Structure formats: C-alpha cells, structure tokens
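Visitor: Hi, could you walk me through this protein? I have the sequence and the model open.

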Amino acid sequence: RTSAMLDESDAAALLVGVEQASLARDLLRQSGDALPPYALAVVSDVGTLEPMALPTPSAAPACAAGTMVAARSDPVYVMYTSGTTGRPKGVRVTHGPLLSRTSWMGRAYPIGSSDVVSFKTQFIFGVSEWELFYTLTHGAALALVPQSIVGSPQALARSLVEHKAAVVFLIPSHLNALVEPLATATAASVAKNSWWPGKGSGKG
C-alpha cells in the first residue's frame, strides 16, 4: 500500500515516526542497490529528523526560488483510502474548500494567539485538517498529543488540563469516556469548545 501511494503521488519525501522505522527499512530493501526517488527520514519523539536515504540529484524535484503562490484549485494534499478493496485511491483536497471550511470555523468558534488546540488525530483522518489548519490559520497554538495518550481517557484528560486546551475535537464515544476523567482532573473549564464531527457540534 505504501509503495503504491509513493509511486502514484510522486512524493519528494517520506517522513515516518519511530514506530514506523521498520517500514522505512522494508522500503529501502525493496529498492535494492538503488536509492529511492524520494528523501526518507525518521521523525524522533522530540521532532528531530534522522535521514535514512536521500534521492540522487537527478531524481530530486527542482524547486524555483521565490514566493510560492497557490490558487484555490491547487491541491493541498492527497488522502488515500485504506485499499482494502484493491489499490488505494487518492482523494485530492484543494485550497478552496479547505479555506472555506477553516474560515467558517474561525467565525463560528473564534480562537486566537492565547488559545491552545489539542492535536490528537492521525493524518489519515480528515478531522486532522480541522485541528491543524483551523488552528494555525487563526494564530492559535497546537498541543501535540501522542497516540499512546489518545488511547487512554485518563491520560488524555491530564494532557488537556496540562496544556490548557481551549478546543478539542471528539467523537461521541470519546466524549463520553472523557467525562469522568476530566471531572477527576478538575478540568471542567478546559474545553470551551467541544466538537462531535458528523454528529453536530456544541459548546461545553
């Protein structure tokens, strides 16, 4: 699946977490003696990059100097399906719809430089774009939450309290599981906005 996505997207770089380092090594083995046509690096827990492979100069994409200007129809990213029914299918998201969405969210649920948003959703899910782009385009800060914490209501509640999170995106089951841990953590005022993607939204 990963190889298919890399081939189709013509990616210039592949960044993997420490837990995916074995995947990176498998990809290198598949390329044999040849270097892959993309840069490959592992992102450590503290955010540093540890290069595993760099593309040959001829394979590296050419980048022109100067200011980059994007049109509403230009792609921001491509998100792939799981591929369980065959070859993974890429969905291209352009700047226009993403800008419209984040602008509406900023008007409906204003945030600013004094606010913190909990970034807990993996990039393979669409909600991650709300957490990421909604936050950064309105000047707020992101609190990065490791997946090991996301899976524990008690640990997630403590993280929300510690970072003074103003916004957190939750599905109903996660919200229900957090009620008691948040009360235990004396976090009644942690989230001024709570979101339930696809199920409506409200302020708590």
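Visitor: Great. What kind of model is it, and how many helices and strands are there?
Guide: It is a predicted model. The protein's secondary structure comes to 7 helices and 10 strands.

Visitor: And how much of the chain counts as buried?
Guide: Of the 204 residues, 34% count as buried. As for contacts with a separation of 6 or more, 60% of them are between residues 24 or more positions apart.

Visitor: Let's talk pockets. How much space lies in the largest one?
Guide: About 2,000 Å³. Its lining is made of 39 residues, and Leu15, Val16, Gln20, Phe123 and Ile124 are the ones nearest its centre.

Visitor: Which helices and strands supply the lining of that pocket?
Guide: α1 (2-9), β1 (13-17), β4 (75-80), α4 (127-136) and α5 (147-150) each supply at least two residues. The largest share is from β1, with 5 residues.

Visitor: What's the lining like by class?
Guide: There are 23 nonpolar residues, 11 polar and 5 charged.

Visitor: You mentioned α4. Is α4 largely enclosed or open?
Guide: Enclosed: 8 of its 10 residues are buried, so the rest of the structure largely encloses α4. The buried ones are Val127, Ser128, Glu129, Trp130, Glu131, Leu132, Tyr134 and Thr135.

Visitor: What do those buried residues pack against?
Guide: Their partners are β4, β5, α3 (95-108), β6 (116-119), β7 (141-144) and β8 (167-169).

Visitor: α3 is a helix I'd like to hear about. At what angle do α3 and α4 pack?
Guide: The angle is about 70 degrees, and the axes are 10 Å apart. That makes α3 roughly perpendicular to α4, because angles from 65 to 115 degrees count that way.

Visitor: Which residues meet there?
Guide: From α3 you have Leu98, Arg101, Thr102, Met105 and Gly106, and they meet Glu129, Trp130, Phe133 and Tyr134 of α4. By class, that contact has 5 nonpolar, 2 polar and 2 charged residues.

Visitor: How far is Tyr80 from Gly90?
Guide: They are 4.3 Å apart, C-alpha to C-alpha, and 10 residues apart in sequence. Ser9 and Gly90 are 81 residues apart along the chain, and their C-alpha atoms are separated by 8.5 Å. Ser9 lies in helix α1 and counts as partly exposed at 36% relative accessibility.

Visitor: Okay, over to Ser118. Buried or exposed?
Guide: Buried, with a relative accessible area of 1%. Ser118 lies in strand β6. Apart from neighbours within four places in sequence, Ser118 is in contact with Glu131, Ala143, Val145, Leu160, Ala165, Val167 and Val168.

Visitor: One last thing. What is the phi of Lys164?
Guide: It is positive, about 55 degrees, although Lys164 is not a glycine. Most residues other than glycine have a negative phi.

Visitor: Where does Lys164 lie?
Guide: Lys164 lies in the loop between α6 (153-163) and β8. Lys164 counts as exposed, because its relative accessibility of 66% is over 50%.

Methods
Residues numbered from 1 in each chain as written. Predicted model: local features only at pLDDT ≥ 70, side-chain atom pairs only at ≥ 80, totals over all residues. Heavy atoms only, no water. 1 Å grid on protein atoms, 1.4 Å probe; cavity = no way out; pocket = protein on both sides within 12 Å on 5 of 7 lines; lining within 4 Å. Points joined across faces, edges and corners; volume = space filled by probe spheres on them. Helix = DSSP H or I, 4+ residues; strand = E, 2+ residues; numbered from the N terminus. Nonpolar A, V, L, I, M, F, W, Y, C, P; charged D, E, K, R; others polar. Buried < 20%, exposed > 50% of the residue type's maximum accessible area, 1.4 Å probe, protein only. Contact = heavy atoms within 4.5 Å. Axes fitted to C-alpha atoms, helices over the stretch in contact; angles between N-to-C directions. Parallel < 35°, antiparallel > 145°, perpendicular 65-115°, else oblique.
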